[in-house]
Amino acid sequence: MFSLVDRQYMAEALRLAGLGLYTTTPNPRVGCVIVRDSKVAGTGWHEQAGGPHAEVLALAAAGAGARGATAYVSLEPCSHHGRTPPCTDALIEAGIARVVAAMQDPNPRVAGEGFAALRAAGIEVESGLMQDEAQALNIGFVARMRRGRPWVRMKIAASLDGRTALANGQSQWITGPEARRDGHAWRARACAVLTGIGTVRDDDPQLNVRDVQTPRQPLKVVVDSRLQLPPTAKLLATGRVLVAAAVADQARIAALQDQGAEVLVLPDAGGKVDLAQLMRELARRELNEVHVEAGYKLNGSLLAAGLVDELLIYLAPGLLGDTARAMFHLPEIADLAEKRLVQFTDVQTIGGDLRILARVAIN
């Protein structure tokens, strides 16, 4: 159905979409290439929420060259009025003859309606070209739209024997500077960075993006059941902070609010933070990707609750021994058939460390 030429132009649309990796949230990353008579007439990519969509920018660049052309777009054009007018109307008015999309928009407000509007106007529509690549680019947006919670990526820096800190909590630095810089790039693409009170006590992290350039800082989320976060914590000094607690201690809440933090009280039946409810709340706030940098206890709790989608693990060429802290605090299993499965999706060296990306299988 699709030619090699189609694939080449869609690859360019996806490359353009990737330029919005750090800027488009909560919107999806979208790129568009308009081609007429085997020549590129115009290109565009969605730069930020509230700004022109990729199709509108590409049409403006193409001008009269859009009439009778093919538009390659990494996501189904929108058909509803949001912060900007529908892209379907712009494509129809410009005289586009054919639209090739990588994937259907998972947003229920679109979800095929854009394709239907284009077809009703006599435009040829094809979808599914390089769909996997398009979904990977917008994995958080797709997750939020389809299941009502963000894509959760858990970053762990560990020794070769799977240890993340010494028994006394010391963990800086297990991995090298290249791996740490790479980790900051993953922080930068996330909408929120989530940690636990244990990590704050041990490391007092800033929890912001420092080693790579970024036009925005992600929201900082601290899981702190008993509101033990000190008002002097470094992460409170800059940026937006959301504290998820399980107790409504008004004095402690007021102290954190005085430092600019927002506090949500989300208790579960056991007196801890309801992590599933927290993720639903983050989705309600239109957060697409959550980047977890926490200790083994919170890591284990998130994994046990089925809230982790992907592991980002940096393994350093060193051994810390049995008394050092593990990656996860999980209950003992008595049979190997009960092991939790992951699927490796990417393995490469970063500096002197090994980086593993793995999807967590649903048991």
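A101 stands opposite S127, a residue of strand β5. The model is a predicted one, in which local features need pLDDT of at least 70 and side-chain atom pairs count only at pLDDT 80 or more, whereas totals for chains, interfaces and linings use all residues. Residues are numbered from 1 along each chain as its sequence is written, and side-chain values use heavy atoms, with hydrogens and water left out.

## The five-stranded sheet

Strand β5 belongs to an open sheet of 5 strands, arranged in the order β2-β1-β3-β4-β5 with mixed pairing. The edges of this sheet are formed by β2 (39-45) and β5 (124-127), each of which has a single partner strand, so one side of each is left without a neighbour in the sheet. Between neighbouring strands the turn is 15 degrees on average, with direction ignored. Strands (E, at least two residues) and helices (H or I, at least four) are DSSP runs numbered from the N terminus, and two strands pair if DSSP finds at least two bridges between them. Such pairing goes through backbone hydrogen bonds, either parallel or antiparallel.

Both senses can be followed here. Strand β4 (residues 98-101) pairs with β5 in the parallel sense over 4 bridges, and β4, helix α4 (residues 113-120) and β5 together make a right-handed β-α-β unit; the hand is called right if, with the strands pointing away from the viewer, the path from the first strand over the helix to the second runs clockwise. Strand β1 (residues 31-36), by contrast, runs antiparallel to strand β3 (residues 70-73), to which 4 bridges join it, and V33 has Y72 of β3 as its bridge partner. Helix α2 (residues 54-62) packs on this sheet and touches β1, β2 and β3, with a direction that makes about 140 degrees with that of β2. Contact here means heavy atoms within 4.5 Å, while angles, which run from 0 to 180 degrees, are taken between N-to-C directions of lines fitted to C-alpha atoms, for helices over the stretch in contact.

Two packed helices are described by the angle between their axes and the distance between the axes.

| Helix pair | Approach of the axes | Crossing angle |
|---|---|---|
| α2 and α3 (residues 87-94) | within 9 Å | roughly 20 degrees |
| α3 and α4 | within 10 Å | roughly 20 degrees |

That makes α3 roughly parallel to α4; angles under 35 degrees count as roughly parallel, over 145 as roughly antiparallel, 65 to 115 as roughly perpendicular and the rest as oblique. The helices α2 and α3 are likewise roughly parallel to each other.

The crossing of α2 with α3 is left-handed, a term used if the near helix is turned anticlockwise from the far one by less than a right angle, with right-handed used if clockwise. Here E55, V56 and L59 of α2 meet C87, A90, L91 and A94 of α3. By class, these contact residues comprise 6 nonpolar, no polar and 1 charged, where Ala, Val, Leu, Ile, Met, Phe, Trp, Tyr, Cys and Pro count as nonpolar, Asp, Glu, Lys and Arg as charged, and the others, Gly among them, as polar.

The crossing of α3 and α4 is right-handed. T88, L91 and I92 of α3 make this contact with G114, A117 and L118 of α4, and its residues divide into 4 nonpolar, 2 polar and no charged.

## The nine-stranded sheet

A further open sheet has 9 strands in the order β11-β10-β9-β8-β12-β6-β13-β16-β15, again with mixed pairing. Its edge strands, β11 (262-265) and β15 (342-350), each pair on one side only, and the twist averages 20 degrees from one strand to the next. Strand β10 (residues 241-245) pairs with β11 in the parallel sense over 4 bridges; V243 has V263 of β11 as its bridge partner.

Helix α6 (residues 139-147) packs on this sheet, where it touches β6 (151-159), β12 (289-292) and β16 (353-360), and its direction makes about 130 degrees with that of β6. Helix α11 (residues 296-304) also packs on the sheet and touches β6, β8 (192-196), β9 (219-223), β12 and β16, its direction making about 115 degrees with that of β8.

## Backbone exceptions

Most residues other than glycine have a negative phi, and most peptide bonds are trans. The peptide bond from T25 to P26, however, is cis, with omega near 10 degrees, and P26 is found in the loop between α1 (4-18) and β1. D37, although not a glycine, has a positive phi of about 55 degrees; D37 has its place in the loop between β1 and β2.
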